[in-house]
Each structure stands twice: as structure tokens, then as C-alpha cells.
Amino acid sequence: MKINIFKTAEEIGAAVAEIFTDTVKANPSCVLGLATGATPVPTYKNIIKTFNEGGISFKDVKTYNLDEYCNLPKNDKNSYYTFMHEQLFNGLDILEENVHFLDGNAADPEAECKAYDAEINAAGGIDVQLLGIGNNAHIGFNEPADTFTEGSFKVKLTESTINANKIYFDENPMPEYALTMGIKQIVSAKKVILIATGEKKAEAVRNMIEGPVTAQVPASVLQEHDDALIFLDEAAASLLTK
Ligand code: GLP
């Protein structure tokens with residue numbers, strides 16, 4: 001794990017966006033794993049900024065998002081599908097057929113998850129995976145558990161996650177289930193970048209970096225990854241002791 005501490009979330013956004021745009025410039029048909037939440041928004045803004053400056057195309061880039069809510073229409077304002085289009089895809093020349101999501105409304109979630117994993121493998125696996133972190137150190141929607149999960153699966157969200165995310169749901173109640181990529185699949189990406197900003201993430205960050213590798217702290221699995229870059233602002237890094 002390589003830890004990078006910046007003063008502000010904006011600076012992290014610029015630094016992480018540069019890794020993504022450099023990846024696309026070096027390999028225009030790369031495969032990116034993307035995340036939702038407030039944390040990656042400055043990164044997405046900066047990717048769009050670089051795209052608008054010219055000299056880079058996302059036409060051959062494939063993306064796979066980490067997770068999606070169950071029982072929420074695809075175009076609902078709170079779906080991750082909508083979020084990604086508003087925050088990133090609509091600002092790029094990426095092709096709709098190249099952006100991929102788990103279908104949270106699939107009649108057979110197990111078959112949907114298997115098909116998603118097979119598609120990622122057929123695409124050659126993920127080159128760079130972006131992650132945020134939950135207050136309980138979840139990644140994607142992999143909640144604290146007894147063992148590290150493998151491929152994509154349907155998960156019942158914990159109270160902590162529902163409380164953290166329900167602020168975005170004003171009309172409909174927040175879904176209690178989601179489909180998410182599994183931990184082993186997430187860490188099979190060649191490079192993993194995790195961003196954590198703000199004081200609320202400080203405890204999860206300390207446990208991820210300084211605690212034991214345990215499925216009770218899902219993000220701690222990154223300690224064992226060969227190319228995991230952690231980007232923190234000073235508030236998120238404030239409980240680190242080393
Ligand atoms: C959700 C997402 C995660 C994200 C987390 C933190 O649970 N499934 O991928 O990392 O929220 O969100 P935020 O960045 O808004 O704090």
C-alpha cells in the first residue's frame with residue numbers, strides 16, 4: 001500500500017484524475033473499474049476537464065461499476081447508473097455500449113452476477129479500479145463479514161451504510177439490497193486506487209492501514225495488493241499513528 005496525503009479533496013481529485021487520463025493515453029482500450037459516492041466527484045470533474053482540453057479519447061475505454069442498488073429503476077435519480085452519467089460519462093466521448101453496471105433489477109440476481117464477472121474476465125480484467133470507503137470500511141458494498149467475498153453477489157446493506165446513504169433518498173426509501181462486485185474480484189484489478197476524505201472516514205482509514213487484514217474491515221485487504229495507492233486528505237489521515 002502506498003499512502004499519499006494531500007491537503008484537500010480537490011488536490012486528490014486532480015492527482016487521481018491524472019492517473020486515469022495517463023492510463024487512457026497509454027492504453028486507449030483500457031478497462032476501468034469505477035465507484036460512486038461523493039468521494040470520486042472531484043476526480044471525475046478533473047477527468048472531464050482533461051478530456052475537454054483535447055488529445056484524449058474514451059471511445060475504446062470500457063468501464064465496469066462496482067455496485068448498484070436493487071429494486072430501483074435504472075433511470076431513477078438515485079441509481080448509480082444515473083450518478084455515473086451525470087458525474088462522468090455525459091462529459092466524455094465514451095460509448096454507452098462500453099459502460100457496464102450490475103442490473104439491480106435482474107429477475108435472477110445470481111445469474112446476473114455470474115454474467116457480469118464473466119464479462120469482466122472476457123474484457124481482460126480491470127486495469128485500474130477506483131474505490132471510496134464506507135464509514136465501516138466497506139468497499140463497493142462489501143460490508144464487514146466473516147470471510148472475504150469472491151465474485152459479484154447480492155448483499156443486504158447494514159444499518160451503518162443505510163444511515164450514511166439515505167440522505168440522498170428524499171422521495172423513495174433507500175433500497176436495503178444491492179448487487180456488488182466481491183472483494184477478491186476487486187483486488188484482482190492490476191492497480192487499485194482508494195480515496196478517503198473527511199473526518200468521518202478517519203477511523204475506517206486507520207483500521208484499513210494499521211489494523212490486521214480481516215474481512216471485518218473489508219478495505220484492509222488492500223494491504224496485500226501489489227499496487228494499491230491510497231489517497232487521503234489530512235482529516236481522513238488524522239488518526240494514523242505511524
Ligand atoms: C457507497 C458506495 C461505495 C462508496 C461509499 C462511500 O456505499 N457503494 O462505493 O465508497 O458509499 O460514499 P461517499 O464517498 O459518499 O462517502
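1. Seven-stranded sheet. In this predicted model, 7 strands form an open sheet with parallel pairing, and their order is S1-S10-S9-S6-S2-S3-S5. Strands, like helices, are DSSP runs numbered from the N terminus, where a strand (E) needs at least two residues and a helix (H or I) at least four; two strands pair if DSSP finds at least two bridges between them. S1 and strand S5 (99-100) stand at the edges with a single partner strand each, so one side of each has no neighbour in the sheet. Within this sheet, S6 and S9 run parallel and are joined by 4 bridges, and Leu130 stands opposite Ile193 in S9.

2. Basis of the numbers. Residues are numbered from 1 along each chain as its sequence is written, and side-chain values use heavy atoms, with hydrogens and water left out. Because the model is predicted, local features need pLDDT of at least 70 and side-chain atom pairs count only at pLDDT 80 or more, whereas totals for chains, interfaces and linings use all residues.

3. In helix H7 (residues 202-210), the buried residues are Ala202, Ala204, Val205, Met208 and Ile209, where buried means under 20% relative accessible area, exposed over 50% and partly exposed in between (1.4 Å probe, protein chains only). Seen down the axis of H7, these buried residues fall within an arc of 160 degrees, so they line one face of the helix; the arc is that of the directions from the helix axis to the C-beta atoms. Their cover includes strand S1 (2-6), strand S9 (191-196) and strand S10 (228-233), by contact, meaning heavy atoms within 4.5 Å.

4. Three-stranded sheet. An open sheet of 3 strands has the order S4-S8-S7 and antiparallel pairing. Its edge strands are strand S4 (67-69) and strand S7 (153-156), each of which pairs on one side only. On average, and with direction ignored, neighbouring strands of this sheet are turned by 25 degrees against each other. S4 pairs with strand S8 (residues 177-180) over 3 bridges, with Asp67 opposite Thr180 and Tyr69 opposite Ala178. On the S7 side, 4 bridges join S7 to S8, and Lys156 stands opposite Tyr177.

5. Ser152. This residue is placed in the loop between strand S6 (128-131) and S7, and Ser152 counts as buried because its relative accessibility is 10%. Its side chain makes a polar contact of 2.6 Å with the side chain of Asp117; a polar contact is a pair of N or O atoms within 3.5 Å, and within protein one must be able to donate a hydrogen and the other to accept it, while residues adjacent in sequence count only if both atoms are side-chain atoms. Leaving aside residues up to four places away in sequence, Ser152 touches several others, including Leu102, Cys113, Tyr116 and Thr180.

6. An N or O atom in the side chain of Thr39 is 2.5 Å from an oxygen atom of the ligand, and for the side chain of Lys201 the distance from an N or O atom to a ligand oxygen atom is 2.6 Å. Gly140 takes part through its backbone, with an N or O atom 3.2 Å from a nitrogen atom of the ligand.

Definitions and conventions. Axes fitted to C-alpha atoms, helices over the stretch in contact; angles between N-to-C directions.
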